Amino acid sequence: MALVIDPDLGSADILEIKRMIPHRYPVLLVDRMVNIAPGKSAVGIKCVTANEPHFEGHFPVRPVMPGVLIIEAMAQTAAVLVIKTLDLLDHDLLVYFMSIEEAKFRSPVEPGDVLELHVEIIRGRGKVWKFNGVAKVGDRVCAEAIYTAMIMEPEAAERASR
C-alpha cells in the first residue's frame with residue numbers, strides 16, 4: 001500500500017529541512033517530510049539514487065544502502081519532528097545519538113527505492129528524546145530501531161566536547 005499523505009498534517013520541503021537540521025550533502029538523508037503531527041509522529045522521505053557516494057563501495061556488484069545510513073535517516077527525520085514540535089526553526093540546533101536499541105535490518109534498500117522513514121515519539125523531555133523508527137519501501141519493512149537523541153545548541157555541544 002502506498003503512503004497516504006494527510007493534507008491536515010504538516011510537511012516540509014528540502015529548503016525548510018535545511019533550516020532545521022545542520023546536515024548537508026552527502027550526509028543529509030531526508031528529502032521531504034510529510035504527515036508531521038507535532039509531539040507525535042512524522043514520515044521522512046528519502047529518494048535513493050545510484051549516484052550516492054556510499055554505493056560506489058557498498059557494494060559495487062549490487063548496490064545496497066548501508067543500514068547505519070538508514071538509521072541516520074530515521075534520526076534526521078526525528079530531529080525535524082522535534083524542531084517542528086518545539087517550534088525552533090532557524091535555531092541551528094545539533095542532535096546527537098545517545099543510544100540505538102533493537103535495531104533490525106529486514107530487507108535491502110537499493111537505488112531507485114523511495115524510502116519512507118516512519119518515526120514516533122516515545123518520550124520527549126527537555127533535551128532528551130526517545131523514538132521508534134520504521135524504514136519502509138512501499139509495504140516492505142527494511143529496518144527498525146528504537147533510539148534516543150539529545151538536542152543541543154552548538155555552544156553547549158562545544159563546551160561538552162572539551
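Is Asn-35 buried or exposed? Asn-35 is buried, with a relative accessible area of 12%; buried means under 20%, exposed over 50% and partly exposed in between, for a 1.4 Å probe and protein chains only. The model is predicted, so local features need pLDDT of at least 70 and side-chain atom pairs count only at pLDDT 80 or more, while totals for chains, interfaces and linings use all residues. Residues are numbered from 1 along each chain as its sequence is written, and side-chain values use heavy atoms, with hydrogens and water left out.

**The sheet**

Seven strands make an open sheet in the order β1-β2-β3-β5-β6-β7-β4, with antiparallel pairing. Its edge strands are β1 (10–12) and β4, each of which pairs on one side only. From one strand to the next the twist averages 20°. Strands (E, at least two residues) and helices (H or I, at least four) are DSSP runs numbered from the N terminus, and two strands pair if DSSP finds at least two bridges between them. Strands of a sheet pair through backbone hydrogen bonds, either parallel or antiparallel.

| Strand pair | Bridges | Residues opposite each other |
|---|---|---|
| β1 and β2 | 2 bridges | Ala-12 and Met-33 |
| β2 and β3 | 4 bridges | Arg-32 and Ile-45 |

In the hairpin of β2 and β3, 3 residues lie between the strands, and Gly-39 takes a positive phi near 80°. Helix α2 lies across β1, β2 (32–37), β3, β4, β5, β6 and β7, and runs at about 55° to β5. For such angles, axes are lines fitted to C-alpha atoms, for helices over the stretch in contact, and the angle between N-to-C directions runs from 0 to 180 degrees.

**Strand β2 and Asn-35**

Of the 6 residues of β2, 5 are buried, so β2 is largely enclosed by the rest of the structure. Asn-35 is placed in this strand. Its side chain reaches the backbone nitrogen of Asp-6 at 2.7 Å. Leaving aside residues up to four places away in sequence, Asn-35 touches Leu-3, Val-4, Ile-5, Asp-6, Leu-9, Gly-10, Ser-41, Ala-42 and Val-43, where contact means heavy atoms within 4.5 Å.

**The loop at His-58**

His-58 sits in the loop between β3 (41–47) and α2 (67–86). With a relative accessible area of 24%, His-58 is partly exposed. The side chain of His-58 reaches the backbone oxygen of Val-64 at 2.7 Å. Val-64 is also among the residues that His-58 touches, together with Pro-63, Met-65 and Pro-66, when residues up to four places away in sequence are not counted.

**Aromatic pairs**

Rings of Phe, Tyr and Trp (its six-membered ring) pair if their centres lie within 6.5 Å; planes under 30 degrees apart count as stacked, over 60 as edge-to-face and the rest as tilted. By this rule there are 2 aromatic pairs. In one of them, the ring centres of Phe-97 and Tyr-147 are 6.1 Å apart and the planes stand at 80°, so the pair is edge-to-face. Phe-97 lies in β4 (residues 94–105) and Tyr-147 in β7 (residues 140–152), so the pair ties together parts that are 50 residues apart in sequence. Phe-97 is partly exposed at 34% relative accessibility, whereas Tyr-147 is buried, with a relative accessible area of 1%. Phe-97, Phe-131 and Tyr-147 form one aromatic cluster.

How values were computed
A polar contact is a pair of N or O atoms within 3.5 Å; within protein, one must be able to donate a hydrogen and the other to accept it, and residues adjacent in sequence count only if both atoms are side-chain atoms.
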